Every structure is written in structure tokens, then in C-alpha cells.
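I opened this notebook to record what I looked up in the structure, site by site. The entries follow the order in which I worked.

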Amino acid sequence: MVLSATAGWAQVLNSGEDWAEPPTGTVAIRADRLFDANAGTMLANQVVLIERDRITAVGSDVRVPPDATVIDLGTATVLPGMIDSHLHITPQGVQSLPYETLRALQQAQANALGGFTTIVDLSGRHTWAPIDIRNAINRGLHWGPRMQAAGPEITPRDRSMAPTPLTIDGEGFEGELFVAGPWLARHMVRKLKHYGADWVKIYATQDFEGDEYQHFKPNGTMVNSPSVTLEEMEAMVDEGHRRGMKLACHAFGGEGLENCVRAGVDKIEHGNEMTDEIAKMMAEKNIAICFTLQNMINTPNSDLPRTGGKVSRLSLTIDTLKKSLTFGVPIAFASDTNPDRHGTQAWQFAKYVEFGLTPAQALQTAFMGAANVLNYGWADRVGSLEPGKYADVIAVSGNPLDDITEMERVRFVMKGGVVLKNELTEIPAGLMTSGATR
Ligand SMILES: [Zn+2]
């Protein structure tokens, strides 16, 4: 009795490894349609062949070995796992830090179940929780999406009135992450790297500060006070890039946005007031634009009364979207989703289409569009269904090129050869993680 109880404990304690381990043997996924994320076209009668966590072949004439496990998804459409390059899994400081971390893990997992198998957390608000959650997933303690994370943000505007979050060695940041000179800026970037950040998130425009204005002046122009100088921005970009990090700027417009683009950050969040000159520079430097609709969609309610009905952050975002198409600015899917909504952000595709993208273009933002901005060159492992890439595969029942809202109803999710969600067909229990139940 004692021995079996001990064995039971051992099994529970080791069960974390089950989340991470893909099945042995060949798996073949078959479906009526497959979205070619590179070409933006729909292919008929396709098979995806998988060995452990990687895709080995894709096509209509792929030979399926007789001993392969076949997952027949019938009339469904198979697509790569989606990538969201801007979200926040941590709630904003209303509970204890342990509770917030557990909640953030659950929200990370909700993304995976919604079909977003790769996510970038662009600021843990006042915490380092997303970095710990990324590590816990990578080490097999929990199942969840592939993650890159920024940790706390630099120049956090009104977000971090509380003391700077302590790191594991009990140290905070000098200056509470508010940049005061290029050398302090470099120091902050070094510290973010030291504690495991993949990204540096910089608030480059101080659009909330003061009681006088909220985002807009009465004449309808945005506030856009730059948070840092060009010299400070260049110091952060130089320091981040030489340490293998990528940099993302919250920037609405004006000098703040221009500083980010001139300094050569990797992506721009929001970019509401994008001039032709900035759009041209972003296209030349291959800097991606991120529309962050969760943040923008309801802004007409608050902004139109302040601008005499002239503009809102949403109307400017729609202008930016059209300008991005005109000038060829790369577009990366970036929802800016906060807790309670994770896994549901695919509603934004329908808005992209309403604002001017084709359904194929809208989908592509969450595949190679987002993959191309990921750190560590992850475009070679996620973002399309191709041999050598991770077996991150999702499926929807209908054809999303006919009805883009199909992406809001993801029925099947596989991450690295492990099925996290399946509502479409009977599959062997060994392919399904016991962690995700729906
Ligand atoms: Zn955000």
C-alpha cells in the first residue's frame, strides 16, 4: 500500500513531462482544404505528415506510411497555428502576485485553445510573470503556447505607480524604468535581458499624462509627447540588438513614433498617426505595424466627444491600415488582448477585412506576417505548414476565405505534435494531452 501510494505520487509529479512529449511514430493529418500561408491560397485534399514535433511533408500526393496514425479532419480547413505578436496575459494588479501568475498561465493556455499556438507578451504590466510562465511551459511543467515575453515595460506612463517589481534577487530598477539618459537606458535593457526578457517594450509616446488632455487636443491632433529622445531610443535599440533582443514601441505618432522608426526598432504598436514619410521609412527598414484593435475598437466612444467628432484612435488606425497597404509596410497580427478575452481575438480578422485587407491578407498577418517579427528567427519554425517546421496545426469547419469568422471557431489545435483540442474527429488518446480537456 505504501509503495503504490509512493508510485502514485511519482506519477503525478512527473506528469508534467506528458504535456511536452509528442507521440512517437508517424502521424498524418488529412483535410479537404489547407491554407498555404506563403501564397495566401487554399489547396485541396492535403495531407500533413508529422514525425514527433515536426512536419516532414505536406501535399496532395504525400505517401502515408501504412503504420501511420491518421487524423482525418474530413471537410475541415487546416491552417498553421496562429501567432499573436502583442498581448498581455497578466491582469493589472488587483490580486496577489501568485494569484495573478496563476491567472496569467490560464490565460496563456486559453490562447492556445483558441488557435494561437505562439504568443508574444508585450509587457507583464508590473510583473515578470509572463517570463516565468514562458519558462514553465518550455520546461514542461505546464502545457501552453510557445511564448516570447518582454517583462515590465520601459517608461510605463501611468501604469506603474506602484514600486518597481522586484526580480528574483530582490533588486528593482533604478529610476523605476523611467529613462534618464542613454546610459541608464542601456542599463535597463541589460537588466531586462538578465532576467530573461526576449523583447524590450518601450512606451514612446506619453499620451495619458496630465489632466488636461486624454490622447487628443481639442483641435483633433494627438498629444504624442515623446517619452525619450532619439539618442535614448538609439541607445536602447543598439543595446537590445547587440544582446539578441527585439524591441517594440507603443507609439501613436509625432516625434515619439519617428524616434522609434529612425532608431530602427522591430515593430510599432498602434502607429495611429502614421505620415507618408514614416510609412515609407517603415517599409524600407522592414519595421512591422501592429493595429492592436482590442485597444482601439471602442475609442470612438471616448475620442469623438474630445475631437468635436473629427477623429478617434480607431479612425486613425483605419487610415494607418490603408496607408500600410499603399506603402508596403509589413503587418503583424497583434491583438493587444487583456485577461478574460484570450483565445477569442480572432474576431479582429473580420475587422481587418472590413477596413481593407482581403481575407487571405488578413489571415497572413497571423502567420508569416507575425512569424517574421518573432525573435530568434522563429519564422523558420512557425507561421506556415512546411517540412521542418513545428507541427503547430489548427483546423476550422468551413472555409475562412469565404467566411473569415470561421477563425473565431477553431475546432482542432495541435502544438508540436500534441493535440490540445479536438472537436472534429475521433483520435487515439495517446495523441491528446491530458492537460487540455476541450
Ligand atoms: Zn498592449
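Which residues touch the most other members of the largest nonpolar core? I found Ile154, Met233, Met236 and Ile268 in that position, within a core of 85 residues. I took a nonpolar core as a set of buried Ala, Val, Leu, Ile, Met, Phe, Trp, Tyr and Cys residues joined through side-chain atoms within 4.5 Å. Helix H3 (residues 97–113) gives the most to this core, with 5 residues.

I note the basis of these entries: the model is predicted, local features need pLDDT of at least 70, side-chain atom pairs count only at pLDDT 80 or more, and totals for chains, interfaces and linings use all residues. Residues are numbered from 1 along each chain as its sequence is written, and side-chain values use heavy atoms, with hydrogens and water left out.

Entry: I listed the contacts of Ile154 (heavy atoms within 4.5 Å), leaving aside neighbours within four places in sequence. Among them are Leu177, Val179, Met188, Leu192, Tyr203 and Met236. I also found a second, separate core of 20 residues, which includes Val48, Val78, Met414 and Val419. In soluble globular proteins, nonpolar side chains tend to be buried together.

**Entry: zinc site.** Which residues coordinate the zinc ion? I recorded His86 (NE2), His88 (NE2) and Asp336 (OD), at 2.0 to 2.1 Å. Donors are N, O and S atoms within 2.8 Å of the metal (3.2 Å for Na, K and Ca); water is not among the atoms, so the site may look incomplete. Along the chain the donors follow the spacing H-x1-H-x247-D. His86 counts as buried because its relative accessibility is 0%, and His88 counts as buried at 1%. For these terms, buried means under 20% relative accessible area, exposed over 50%, and partly exposed in between (1.4 Å probe, protein chains only).

**Entry: Asn295.** Asn295 lies in helix H9 (residues 293–296). Helices (H or I, at least four residues) and strands (E, at least two) are DSSP runs, numbered from the N terminus. With a relative accessible area of 31%, Asn295 is partly exposed. Not counting residues up to four places away in sequence, Asn295 touches His270, Arg313, Ser335 and Asp336. The C-alpha atoms of Asn295 and Arg313 are separated by 9.2 Å, and the two residues are 18 apart along the chain.

**Entry: Gln345.** Is Gln345 buried or exposed? I found Gln345 buried, with a relative accessible area of 0%, in the loop between H11 and H12. The side chain of Gln345 reaches the backbone nitrogen of Gly343 at 2.8 Å. Beyond four places in sequence, the contacts of Gln345 include Asp84, Leu87, Phe116, Phe333 and Ser335.

**Entry: aromatic pairs.** I counted rings of Phe, Tyr and Trp (its six-membered ring) as paired if their centres lie within 6.5 Å; planes under 30 degrees apart count as stacked, over 60 as edge-to-face and the rest as tilted. By this rule there are 8 aromatic pairs. The rings of Trp128 and Tyr195 have centres 5.4 Å apart and planes at 65°, so this pair is edge-to-face. The pair links distant parts of the chain, 67 residues apart, and Trp128 and Tyr195 are buried. Phe333 and Tyr352 form a tilted pair, 5.8 Å centre to centre with 55° between the planes. Phe333 lies in the loop between helix H11 (313–327) and helix H12 (347–355) and Tyr352 in helix H12, so the pair ties together parts 19 residues apart in sequence. Both Phe333 and Tyr352 are buried, and one aromatic cluster is formed by Phe116, Phe291, Phe333, Phe349 and Tyr352.

**Entry: Asp392.** Where does Asp392 lie? I placed Asp392 in the loop between helix H14 (368–371) and strand E13 (393–396). Asp392 counts as buried because its relative accessibility is 5%. A polar atom of the Asp392 side chain lies 2.8 Å from the backbone nitrogen of Gly416.

Technical notes: Polar contact = N/O pair within 3.5 Å; in protein donor to acceptor, adjacent residues only side chain to side chain.
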